Each structure stands twice: as C-alpha cells, then as structure tokens.
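Trainee: Please show me the model, and let us discuss how it is organised.

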Amino acid sequence: MEAELLERLRLDREEDVMRVRQAARRWAIDLGFGLVDQTKIVTAVSELARNAFVYGGGGYVTAEITHVRERSGLRITFEDQGPGIADLELAMRDGYGTGEGLGLGLGGARRLMHEFDIRSEVGKGTTVTVTRWA
Amino acid sequence: MEISVSLSSLLEEHRDELLSDWAEALRSATTRRADLISDEQVRVEAKQFITLLARATRTGTADLEGSDWDELRGLLGDVSRSRALAGFTPSEIATFVFSFKEPLFDLLSKAAADGGNAQALLADNWRANLLLDRLGLYTTEVYQSAREEIIRRQQQEMLELSTPVVKLWDQILAVPLIGTMDSERTQVVMESLLEMISETSAAFAVIDITGVPTVDTLVAQHLLKTAAAARLMGAEVIISGIRPQIAQTVVQLGVELPEVTTKASIADAFALALRRLGWTVSRNEKA
Amino acid sequence: MNRIPVLRMGRFLLVTVQMDLDDSTAAQLEEDLTTGIVKHRAEGVLIDISGLDFVDSFIGRTLVGIASSSRLLGAETVVVGMRSAVAITLIELGIAMNGVRTALNVERGMELLSGLVGGGRPGDGG
C-alpha cells in the first residue's frame, strides 16, 4: 500500500477547524468524489477535527492519497496530544441527545467513512485515521 | 533471470535489419487488422519497441518491474490500451510482441553461423523467448484493465439513463424502478430522486416498485433511507406497487416500514398525493 | 465569529445561514434568536439552511436546541432548504433531528408556520 501526502494542517485555534473542513472539501473534489461522497467526507472531518480541537487540545490533520491495488482513496489522520480516551467503547457509542456516550461524534464519523481506526492512550493523546475509497 | 549484455548490443547494431524483418512479418500476419491500424503506425511502434528493448537489456537485469524496464512497459501499455480501444482482441495485441521472436531467432542464428559463440547465443535466445512471453502477457494484463475501465464507464452511463424521474404533477414526482435493483443502482437512483425533489421543490415523490421482481434487505434499507432523507428535507415519499409476495418478504426480513406511506398502485399513490395537496378530481357532466 | 442577522417578518423571525458556520457563530445565533423571540413577541422562527453544504452533529444539535428553546418561549421553528446531499449524510450519520420541522423552501416554510401558529395571540388586536 502506497500513500502520497496531500496536505498537513495544524489544528490550534477555532479558525483551524473551519480551514480543515474547507481543505477536506478541496481534497474530496480533487480526488473525483461525487457530491454526496464529498458531503460525507466533509461531515466526518468536521466531527473529528472538532474532537481533536475541543477534547484533544489541538494537533495535526494529515491528508493522503492511498492506493491498494486498483483502488485509490482519501485517507485523513487526526492526531492530538490531549488527555486521551479511557473507555474507547463508551466513546464510540452514539450519544446524540440521549446522554449516553460522550457525544464525541466518533460513531458518526465511522459510519460515514469506509475505514476507521482509533488509537488512544490516557495522558498521551489520540490518533484517528479514516479512509474513503473512490 | 539474467540476460547477457550482448543481447542489447546485438539489438542496437542490427536494429534496422530486425525492424524490416519484423515489420514484414507483422504486415503479412493473419492478425494484421489493417482495418484498425495502418502499416505506418505498426512500423513506428515496432521501431520503438526494438529501441527500448535494447535500452532495457543494457544492464542485463530481467526484473520487469524495475526502473530499467519502465520505458518499455510504458510503450507496451500505450500500445495495448490504444489497440484495446480500437477493438483489437487480447490475442491480436499479444501477437505484436510474440511475432518478434522469429526475426530475433533468425538474427541470433546468423550471428552463431558467423562465428559467434553458438552455445551462448542459444542460451540468449531461450532467455529472450521467456522475456518476450512475459512482455506479451503484460500486454494482456493492460488490456484487461483497459476493458474493465470501459465497462465501468458504460455501466455508469446506463445507470443514469435507465431510471428517469418523472414529474406527474406540480409538486409530485415519480420514479418507476424496473428490473433487478442492486445496491449500487438503487443508491444512484435514490440520490438523483432526492436531488430532483430539491430542484423542483416537490412535496411528494412516488417510488413505484411494481417492476422489481425481488426486494432484498439492502434495497429495502435504501428505500427507507431515501424516505427518511426526503422527510428531513420537508418532502414525503410514497412507495407504491408492493405486491403481496414482496410484502411477505419484507415482513420476513424483519424490515419495518415505519412512517412510510405505501400504496398498492402508482395510481393510488398519485391520488393520495393530489388529495394531500388539496386537489379534487371531478368528471365533467356529459352535455 | 460572525453574527448572523435575524430579520423580522411580521410575527416571524427569519434567519439565513451561510456556509461555514463555526461553533461560536452557531452558539451566538441561538442566543440572538431567543432574545429576538422575547423582544418581538415572535410566534415563529424560520431558519434557511440552503447555504449549508454540510450539517454535522454540532450543527444538528444546535438546530434541535433552537427548536426546543423557541418552543419554551412560545414560538414554532421550521428549518428550510436542506440540500439533498446533506439530508442523505444526516441519515447515514444517524442524527435523528427529532422535534425539528422542515420544509423545502422559505415559501413553504412560511405556509407551514402560519398553519401551526394560527390566528394570533389572545390580547392582540386580531
């Protein structure tokens, strides 16, 4: 599997969350995704960028084009050096308006993307990687 | 597998001779396809092939994936793709490469007869044979992916044409689904239906499944998601044409259809939408 | 942070949300609407989101929150102009958006609000 770096952005201030969303739209368009897929990508990115900023204290967002055999895809990684997530299972549960889960939007982002990977260590930080195949 | 470096110099020295022998063989071959390609074009490609083959064998490696072979692979890729598009069969394309064997063998025999090392040249010929086999097969692989790309594009175009969304009335759209609906096709149709709802501000969209022989779970889920998305936008989906067998299957699959209005026929669905929009249909008195 | 203008149209308040709604603008909008409902004794709120090219869980929660707080203050809310790609994504995302009424465009939204709100409050001139 090869990957080509597209862009790496810092996520330090609130304005950066918006910049990342706009960049995500550009990446999706450049990779030839249709309108609905673009919207899914931008929405997932919005959820994860907000998490990394609000809960993770900020960090980096890296976008890459990834190739596996004939397929190519957009892979985006969100890294923060925040407090980390103690209970990943709880965090993945949906919590929209029901009080359950932590409302982190992780479950939502997973539903919108084809691949989803999360690593987190308490006190060290969290890294979430998502991919959508073209 | 190594190739002796002498092959490369042999190809360079005798290039023109090889080219005219090979071009002649190609021209008189039964797979010539003069209807699809000109002699001139064939000759140009043959000349490039020999030149690039000579270059690629210069270092003596036979790793076709390596950088030494990039240029030749590039040429074969282009030749294969353009011929695929023109309508050549994979055998016809591979023959372009395989037909080089005979002129090459003739050249090597002559070199042996002229006092060259017959043993070494025999080994060279064998290795060249194997090499040309692999290059010929490479053209077939490129052909495959080129065809797959064409098929995929055609399928996409067919998808877009085959299920039109029609306007039944002001604010009422309908889409008759016909034939076997697979997951991808259903998704494409549903997305264009929702887009049309937005564009025409249609309050109602009737999805008629009379022409669909079976509805599996995935398709049922797409229909439900479409109804939910339409509701989110402020419109309503009515599903019509549910036959008794489909109704049973849907129940057995455990798929519930909450909050989605369903009607047996598209006519019933149309009448319902009209009523909801405040229309009454009445017949004129006969004069 | 930008401030989204709240327009008054008779007994309704109208808001048009452009692209790139950030978190603080969304929070400010909720505050301005509740203030506006009280100040103008508004009976309905129309939120036009035709300018939004995506709606994530935060924006979704904001819309639900606006509908709830408006109702507590006696006003109905209708969200209009949701794009089809946005609607499809929201369904995949799994956001319920319960309690938020929707209409296809501003005109239909106004009709819906008028229907919901009826003929004015008691004590009004009529």
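Mentor: Helices (H or I, at least four residues) and strands (E, at least two) are DSSP runs, numbered from the N terminus. Residues are numbered from 1 along each chain as its sequence is written, and chains are lettered from A and ligands numbered from 1 in the order in which they are written. The model is predicted: local features need pLDDT of at least 70 and side-chain atom pairs pLDDT 80 or more, while totals for chains, interfaces and linings use all residues.

Trainee: In what order do the elements of chain C run from the N terminus on?

Mentor: The secondary structure of chain C comprises 4 helices and 5 strands. From the N terminus on, the order is β-β-α-β-α-β-α-β-α.

Trainee: What radius of gyration does chain C have?

Mentor: The radius of gyration is taken over C-alpha atoms, and the globule rule is 2.2 Å times the number of residues to the power 0.38. For 126 residues a compact globule would come near 14 Å, so chain C agrees with the rule, having 14 Å.

Trainee: Which element of chain A gives the most to the side that touches chain C?

Mentor: Two residues are in contact if their C-beta atoms, placed from the backbone, lie within 7 Å. On that basis, 19 residues of chain A are in contact with 20 residues of chain C. On the side of chain A that touches chain C, α1 (14–30), α2 (35–54) and α4 (106–112) each supply at least two residues. The element that gives the most, with 9 residues, is α2(A).
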